[in-house]
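Trainee: I have a structure open and would like to learn how to read it. Where should we begin?

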Amino acid sequence: MVPVEGVEDADRELAQPRVRAVRAAHAVRGERVAEHLIGAREFDGWAPQLAALITEADTAPVPRPIHSLPSGHRWDRVPGVTLLGDAAHLMAPSGEGANLAMYDGAELGKAIAAHPDDIEAALAEYEQALFPRSAEAADDAAVIFGLCCRDENAPQGMLDMFSPAA
Ligand SMILES: Cc1cc2nc3c(=O)[nH]c(=O)nc-3n(C[C@H](O)[C@H](O)[C@H](O)COP(=O)(O)OP(=O)(O)OC[C@H]3O[C@@H](n4cnc5c(N)ncnc54)[C@H](O)[C@@H]3O)c2cc1C
């Protein structure tokens with residue numbers, strides 16, 4: 001196997017006692033999350049098969065933070081370098097992240113093909129379209145994330161969105 005820079009470091013890091021302790025703490029917190037969800041009757045009315053994915057799992061749920069870059073995030077042109085996908089516009093999950101990453105790749109390829117002798121012109125053209133496209137998607141993602149998770153009546157807003165209009 002070809003070694004990839006950073007991956008072996010990650011394996012070594014996971015072997016450190018402190019990292020193992022953090023993972024153990026996450027597992028304990030996960031058990032508390034499960035207890036809380038069950039105790040608070042969060043699953044009342046759920047199909048038992050769905051609730052069982054959490055209550056009957058072999059391991060405790062692992063709470064994971066959702067990270068995002070600010071909407072409208074951009075950077076100054078750096079010769080010979082650009083970003084695409086999550087590296088360029090990490091946003092709350094909205095069902096578009098993989099599409100955007102592939103679209104960015106296609107657009108970058110097209111820009112390079114259009115300027116084969118001028119990579120700076122290609123990267124500048126790519127980024128000029130990337131920034132507003134990413135900002136619009138990030139704004140949409142924030143709305144979707146609110147409907148799913150953050151708004152006061154979440155996830156009712158998401159259910160309403162998919163429900164036929166009355
Ligand atoms: C909970 C959740 C649900 C989601 N649901 C959806 C969905 O339904 N539909 C959708 O379209 N998108 C969804 N997304 C978003 C989607 O997963 C991402 O937007 C997409 O994977 C971004 O692709 P990427 O190639 O830019 O980055 P990544 O998929 O993160 O790829 C980056 C790769 O680089 C590797 N890497 C990192 N550092 C190094 C290094 N130093 N050396 C070598 N390799 C390295 C990583 O291991 C990784 O494999 C979801 C995201 C989350 C968190």
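Mentor: Begin with helix H6 and its buried residues, which are Ala-122, Leu-123, Tyr-126, Glu-127, Leu-130, Ser-134, Ala-138, Ala-141 and Leu-147. Keep in mind that this is a predicted model.

Trainee: What do the buried residues of H6 pack against?

Mentor: They pack against helix H4 (86-89), H5 and helix H7 (156-162).

Trainee: How is a pair of packed helices described?

Mentor: Two packed helices are described by the angle between their axes and by the distance between those axes. Here, H5 and H6 pack at an angle of about 155°, and their axes are 8 Å apart. Because angles over 145 degrees count as roughly antiparallel, H5 is roughly antiparallel to H6. The crossing in which H5 passes H6 is right-handed.

Trainee: Which residues in H5 and H6 meet?

Mentor: On the H5 side they are Leu-100, Asp-104, Glu-107, Leu-108, Ala-111, Ile-112 and Ala-114. On the H6 side they are Ile-119, Ala-122, Glu-125, Tyr-126, Ala-129, Leu-130 and Ala-137.

Trainee: Which residues form the largest nonpolar core?

Mentor: That core has seven residues: Leu-84, Ala-88, Ala-111, Ala-122, Leu-123, Tyr-126 and Leu-130. Helix H6 (residues 119-150) supplies the largest share of this core, four residues.

Trainee: Leu-84 is on that list. What is Leu-84 in contact with, leaving aside its neighbours within four places in sequence?

Mentor: Leu-84 is then in contact with Ala-101, Asp-104, Gly-105 and Leu-108.

Trainee: Now the chain as a whole. How many helices and strands does the protein chain have?

Mentor: It has seven helices and zero strands. Buried residues make up 10% of the 166 residues in the protein chain. Take the contacts between residues at least 6 apart in sequence: 51% of them join residues at least 24 apart.

Trainee: How should I read the confidence of the model?

Mentor: Where pLDDT is low, the predicted coordinates should not be read in detail. In this case the mean pLDDT of the protein chain is 82, and 74% of its residues reach 70 or more.

Trainee: Which elements have the lowest and the highest mean pLDDT?

Mentor: Helix H1 (residues 7-14) has the lowest, 48, and helix H5 (residues 97-114) has the highest, 98. Over residues 1-10, pLDDT stays under 50, and for these residues the model has one contact beyond four places in sequence.

Conventions
Residues are numbered from 1 along each chain as its sequence is written. This is a predicted model: local features need pLDDT of at least 70, side-chain atom pairs count only at pLDDT 80 or more; totals for chains, interfaces and linings use all residues. pLDDT is the predictor's confidence in each residue, from 0 to 100. Helices (H or I, at least four residues) and strands (E, at least two) are DSSP runs, numbered from the N terminus. Two residues are in contact if their C-beta atoms, placed from the backbone, lie within 7 Å. A residue is buried if 20 or more other C-beta atoms lie within 10 Å of its own, exposed if 12 or fewer, and partly exposed in between; C-beta atoms are placed from the backbone. A nonpolar core is a set of buried Ala, Val, Leu, Ile, Met, Phe, Trp, Tyr and Cys residues joined through C-beta atoms within 7 Å. Axes are lines fitted to C-alpha atoms, for helices over the stretch in contact, and angles run from 0 to 180 degrees between N-to-C directions. Angles under 35 degrees count as roughly parallel, over 145 as roughly antiparallel, 65 to 115 as roughly perpendicular and the rest as oblique. A crossing is left-handed if the near helix is turned anticlockwise from the far one by less than a right angle, and right-handed if clockwise.
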